Amino acid sequence: MAVTYEWVIEGLDAYPKMDNRVNQVHTVHWRLNGVDGYSATAYGTVGVQYDSTTKFVDFTKLSKDEVVSWVIDALGEEEVTRLKAGIAGEINARKTPTSVSLDLPWNN
């Protein structure tokens, strides 16, 4: 089976008022979860940059998909690939551990 990934937006930090805009998001707190029998996660934050070409979306109209696209754009495809590989590696290590802790035989 393959790892299934899910982006979770944990929180948004915003400027209450900036450039005639209300609640302008400047930081996204994200989590990338992976599941394949076992689970693993990566967590981080990215800054949101605005310029004259950036389309401003009212905070109350933001969608999860839009915010996730900000995260992916900010991280870049190479970093997203690295994060997913790390999560998959952690899951694989849990599936096929190279070291385990055993109960002491004289405690049975």
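Two strands are treated as paired if DSSP finds at least two bridges between them. The model on display is predicted.

**First selection: residues 4-18 and 21-36.** These ranges are strand 1 and strand 2, which run antiparallel and are joined by 13 bridges. At the end of the pairing, select M18 together with R21, its bridge partner in strand 2. The two strands form a hairpin with 2 residues between them. In that turn, D19 has a positive phi of about 50°.

**Third selection: the whole chain.** Colour by secondary structure and follow the elements from the N terminus: the order is β-β-β-α-α. The radius of gyration is 20 Å, well over the 13 Å that the globule rule gives for 108 residues, so the protein is more spread out than a compact globule. Along the principal axes, the C-alpha trace spans about 70 × 30 × 20 Å.

With a surface displayed, the protein exposes about 7,600 Å², of which carbon and sulfur atoms supply 51%. Buried residues make up 24% of the 108 residues. Among contacts between residues at least 6 apart in sequence, 53% join residues at least 24 apart. Selecting the charged side chains gives 10 positive and 15 negative ones, and the centres of the two sets lie 4 Å apart.

Is G34 buried or exposed? Buried means under 20% relative accessible area; G34 has a relative accessible area of 0%, so it is buried.

Which residues are in contact with G34, leaving aside its neighbours within four places in sequence? They are V3, T4, Y5, S39, A40, I87 and I91. To finish, draw a distance from the C-alpha of G34 to the C-alpha of E6: the two residues are 28 apart in sequence and 6.5 Å apart in space.

Note on methods. Residues numbered from 1 in each chain as written. Predicted model: local features only at pLDDT ≥ 70, side-chain atom pairs only at ≥ 80, totals over all residues. Heavy atoms only, no water. Helix = DSSP H or I, 4+ residues; strand = E, 2+ residues; numbered from the N terminus. Rg over C-alpha atoms; globule rule 2.2 N^0.38 Å. Buried < 20%, exposed > 50% of the residue type's maximum accessible area, 1.4 Å probe, protein only. Contact = heavy atoms within 4.5 Å. Areas by Shrake-Rupley, 256 points an atom, 1.4 Å probe, with all protein chains shown as cover. Lys, Arg positive; Asp, Glu negative; His and termini not counted. Charge placed at Lys NZ, Arg CZ, Asp CG, Glu CD.
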